[in-house]
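Hi everyone, thanks for coming.

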Amino acid sequence: MLILKDVVKTFKGFTLRVDYLEIPDGRYVVVLGPSGSGKTTLLRLIAGLERPDGGSVVLDGRDVTNLPVWERDVGIVFQSYALYPHLTVFDNIAMPLKNKRLPKPEIRRRVEEIAVVLNIADQLHKYPHQLSGGQQQRVAIARALVKEPKVLLLDEPLSNLDARLRLEVRGFLKELQRRLHATVLHVTHDQEEAMALGDLLVVINNGRIEQVGPPDELYARPKSLFVFQFLGLSNLVPAKLVGLGEGLVGFRPEDVALGEGDHRAKVLREEYLGPYKLYELDFNGVRIKARAPPTAAFREGDVVQFSIDVKKALRF
Amino acid sequence: MRDKQILFLALPALIYLFALTVYPIADNALLSLYERTYEGAFKWVGLGNYLWLFQKDPYGPLIIGNTILYSVATPAISVALAVPIALALRRLGGRWLLPLMVPAFIPPVTAAMAWYLMLNPLYGLGYYLMKAGLMGTNPISSVWTVVLVDVWRSLPTAVLVIYSGLRAIPKAVEEAALADGLAGPRKFIAVDLPLASPQILTAFILTALTGFFTFDPIYIGTAQVGPRILDNLAYYSYEAFSAGEFGYSAALIVVMTAIGTGLSLAYMKAFSARSFVKLPAPVWMPRREAPKALHYAVLALDLAFVFLPLGWLLLMSLKPPGEIIQIPPSVLPSRLDLTNYVQALGGGLPYFLMSIYISAINSAVTILLAAMAAYQMRVHGLGGGKLVAYILYLMSTPTLVYIVPLYLVVRGLNILNTLWALVLTYPIMTLPYGIWILYNYYSSFDRRTEEAALADGMSRLKAFAKVVIPLSRSGMGVAGLYAFLFSWGALIFPLAFTYTPYNLADPLRFSGAQTFSIYIGELMSPVAMSYGGVAATGILSAIPPLIYLTAVRRNLEKIWGAG
């Protein structure tokens with residue numbers, strides 16, 4: 001188990017503060033936040049690439065706060081893969097083991113083993129520039145996993161791949177994690193990717209952790225406006241408009257039923273998205289989104305009646 | 001070519017380069033098969049000149065031995081010193097690069113002269129070195145002094161190239177190395193050195209070229225100790241040329257060109273190659289980072305190496321004439337005395353004027369022609385890779401190659417010993433370099449700017465003049481710096497094409513065209529014995545390039561990647 005306690009890191013005009021964060025073993029944990037939120041800094045603090053100004057990082061009961069990177073039992077996969085261009089795939093993967101002074105036959109055995117797991121066993125003699133982007137990433141993952149780390153850190157692992165490959169690698173990563181029962185910490189700014197992959201989500205904003213929990217919990221019961229708006233599509237209207245008193249009320253497009261109800265809005269725009277349609281409406285001067293079946297036939301300019309599922313509405 | 005105007009813009013530079021390089025290189029090869037008789041006629045001797053060099057010339061072994069020493073020792077020492085300096089720069093920040101680069105901006109004659117004055121065992125620091133037993137032989141007559149001056153001159157280039165190689169290592173790879181247990185010296189061997197190996201090889205070849213073609217330190221040294229002690233192929237071929245033995249000189253130059261071409265090809269290969277040397281990750285090496293103090297010490301030593309001869313030169317130039325030669329030599333002047341400067345400016349005025357004229361004219365010509373050609377080469381792909389390769393080749397060939405055929409041309413045009421001889425020949429030194437700098441500069445130039453100008457109804461010529469040129473100022477500033485530097489410090493062309501100082505009695509004829517680099521050589525001879533004057537001349541000669549350097553510092557740092 002990885003625990004961060006009272007960790008503080010200050011850069012020019014930016015502070016990351018983590019009062020308490022627990023990463024349980026064997027889970028796929030995704031750290032999600034917009035750019036500049038401090039999510040990469042969090043990963044680098046765990047990796048040991050940055051030292052915190054205060055607080056401690058504890059891995060399986062061992063305080064690793066001031067240990068060098070290579071003594072921490074963490075594997076890191078860099079966004080750009082960061083393979084050694086002058087070494088073969090085999091030597092790239094073998095590098096961490098060589099520096100642990102393991103005997104040669106054991107190095108060979110472990111490299112070949114992990115290469116099979118990552119499906120690159122036939123690439124071991126090649127150089128990184130001879131591989132495709134996806135293969136390079138597998139080499140980077142193999143290099144991180146070969147030392148059997150307690151935590152695998154993935155820094156935006158899907159951002160360098162094209163859209164089609166991204167879905168494929170997404171599935172591969174999750175299956176790999178399940179197969180090895182590894183503890184994975186995956187950093188991303190893509191909320192869809194985060195919800196698809198994470199057993200546990202850590203949403204971070206402005207250097208503070210907003211909420212930690214399983215994706216469905218964060219989606220249905222966000223503790224803050226930020227989490228509500230960052231995960232999925234959202235509507236936010238003054239509570240008075242829907243007769244719920246003071247303040248603001250938030251609800252998801254799928255909680256809006258078009259066709260009948262107490263409220264009226266004008267259709268501004270229709271988006272056909274295959275399995276469903278998304279409507280943009282003018283509701284007393286506030287723009288809201290509503291989801292409807294693909295067969296819905298409202299026209300731009302129509303005034304439609306609608307209702308909101310009040311049980312699922314959130315107050316802010 | 002879709003557009004004639006593209007070719008038209010590049011044409012002046014290309015016609016000039018082909019006419020003044022291809023013809024002399026070919027003619028030189030032809031001349032090497034002839035011998036000039038006492039009557040001045042050329043007699044066919046076949047390979048006689050070559051056989052003479054390798055079999056009969058009593059100086060042959062000495063010349064060849066010295067040449068090999070200069071071209072092996074210079075790069076070996078420069079690169080060995082440059083690696084720790086580049087590491088210190090990476091750790092402590094690129095702002096230290098500018099002072100370390102100073103030797104590359106001092107005229108080569110001045111650099112050589114400063115070292116010879118300082119090491120002199122009679123009136124220089126050499127006296128104390130000899131007395132303390134740190135130096136066994138007289139440094140003035142030692143070939144190692146030539147190597148020392150070459151290392152001083154070429155070290156900045158080696159540092160710059162290797163430093164840029166170290167900086168090009170991605171940050172993520174360095175961090176991945178940390179994760180894999182590589183740090184400190186162990187990481188240096190396993191990651192830094194292999195990944196910077198193409199740049200280290202490039203630095204080796206560039207400094208080897210400096211050592212192979214070295215001329216100025218031998219010119220200055222020979223003025224002090226006499227001929228046939230320090231000579232290499234380059235200097236010896238110049239001596240043969242000035243003795244009128246054009247055929248033999250041409251043969252020596254052909255030998256040099258052949259070796260130089262080999263080095264240039266190796267340079268081009270190293271420049272474009274992306275293959276790395278592989279080194280084992282030595283697990284016994286320590287992982288502790290070298291302490292910062294060590295890096296500071298390396299930097300301090302290099303700064304001392306850079307500024308010691310210049311400091312000595314400055315002190316010497318300010319001494320009253322009576323204190324220049326005394327035993328033991330004084331280090332500090334008893335009072336600041338400007339007599340040396342009065343003497344330097346008095347006797348040196350015609351030389352300085354001529355150097356200023358030719359440097360100004362040639363810099364302007366080079367910048368303009370180079371920009372016109374480089375833009376079309378880069379943006380419109382004019383000439384393709386072959387033309388770029390030829391430009392690179394010219395950059396790494398010595399100007400010596402051209403002197404014999406061009407001497408005959410200049411004499412035929414009746415402009416020998418005039419400013420016009422220099423104006424005609426100087427761009428050979430500076431144009432390839434200018435084109436290369438601007439060619440790289442234009443790689444990041446947005447060609448749509450020109451296309452927008454064309455869409456607005458301008459012709460290509462007008463678009464170039466009104467849009468491209470104004471946007472090229474920083475690149476042209478740097479190209480101009482190097483053009484000025486080469487023109488200002490030139491020695492071989494003025495030695496070959498001039499023989500009297502600028503005639504101030506009839507200034508508008510611009511005849512008599514010796515430059516200050518020749519003046520320094522004349523003052524260095526033991527006959528002139530004017531060491532205070534020469535020191536002052538040296539200081540004066542270093543000022544214009546250093547002013548120019550400070551002026552375009554920002555743009556240079558952009559190109560160096562230091563800022």
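Let's start with chain B, where buried residues make up 48% of the 563 residues. Buried here means that 20 or more other C-beta atoms lie within 10 Å of a residue's own; with 12 or fewer the residue is exposed, in between it's partly exposed, and C-beta atoms are placed from the backbone. Before I go on: this is a predicted model, where local features need pLDDT of at least 70 and side-chain atom pairs count only at pLDDT 80 or more, while totals for chains, interfaces and linings use all residues. Residues are numbered from 1 along each chain as its sequence is written, with chains lettered from A and ligands numbered from 1 in the order in which they are written.

Back to chain B, which has 26 helices and 2 strands. The C-alpha trace of chain B spans about 70 × 65 × 50 Å along its principal axes.

Now, how do helix H3 (residues 60–92) and helix H10 (residues 197–212) of chain B cross? Their axes come within 8 Å and cross at roughly 140 degrees. The axes are lines fitted to C-alpha atoms over the stretch in contact, and angles run from 0 to 180 degrees between N-to-C directions. Among the residues that meet are Tyr70(B) and Val79(B) from H3(B), and Phe204(B) and Phe212(B) from H10(B). Contact means C-beta atoms, placed from the backbone, within 7 Å. The residues of this contact divide into 10 nonpolar, 7 polar and no charged. For the classes, Ala, Val, Leu, Ile, Met, Phe, Trp, Tyr, Cys and Pro count as nonpolar, Asp, Glu, Lys and Arg as charged, and the others, Gly among them, as polar.

On to chain A, with 8 helices and 17 strands. Of its 316 residues, 39% count as buried, and its C-alpha trace spans about 75 × 45 × 35 Å along the principal axes.

Three strands of chain A form an open antiparallel sheet in the order E11-E12-E17. E11 and E17 (314–315) are the edge strands, each pairing on one side only. Pairing needs at least two DSSP bridges between the strands. E11(A) and E12(A) have 4 bridges, with Pro238(A) partnered by Leu248(A). E12(A) and E17(A) have 2 bridges, and Val249(A) stands opposite Arg315(A).

Leu32(A) is 171 residues away from Val203(A) in sequence, yet their C-alpha atoms are 4.8 Å apart.

Last, where the chains meet: 18 residues of chain A are in contact with 18 of chain B. Helix H2 (residues 89–98) gives the most on the chain A side, with 3 residues. That side has 12 nonpolar, 3 polar and 3 charged residues.

Methods
Contact = placed C-beta atoms within 7 Å.
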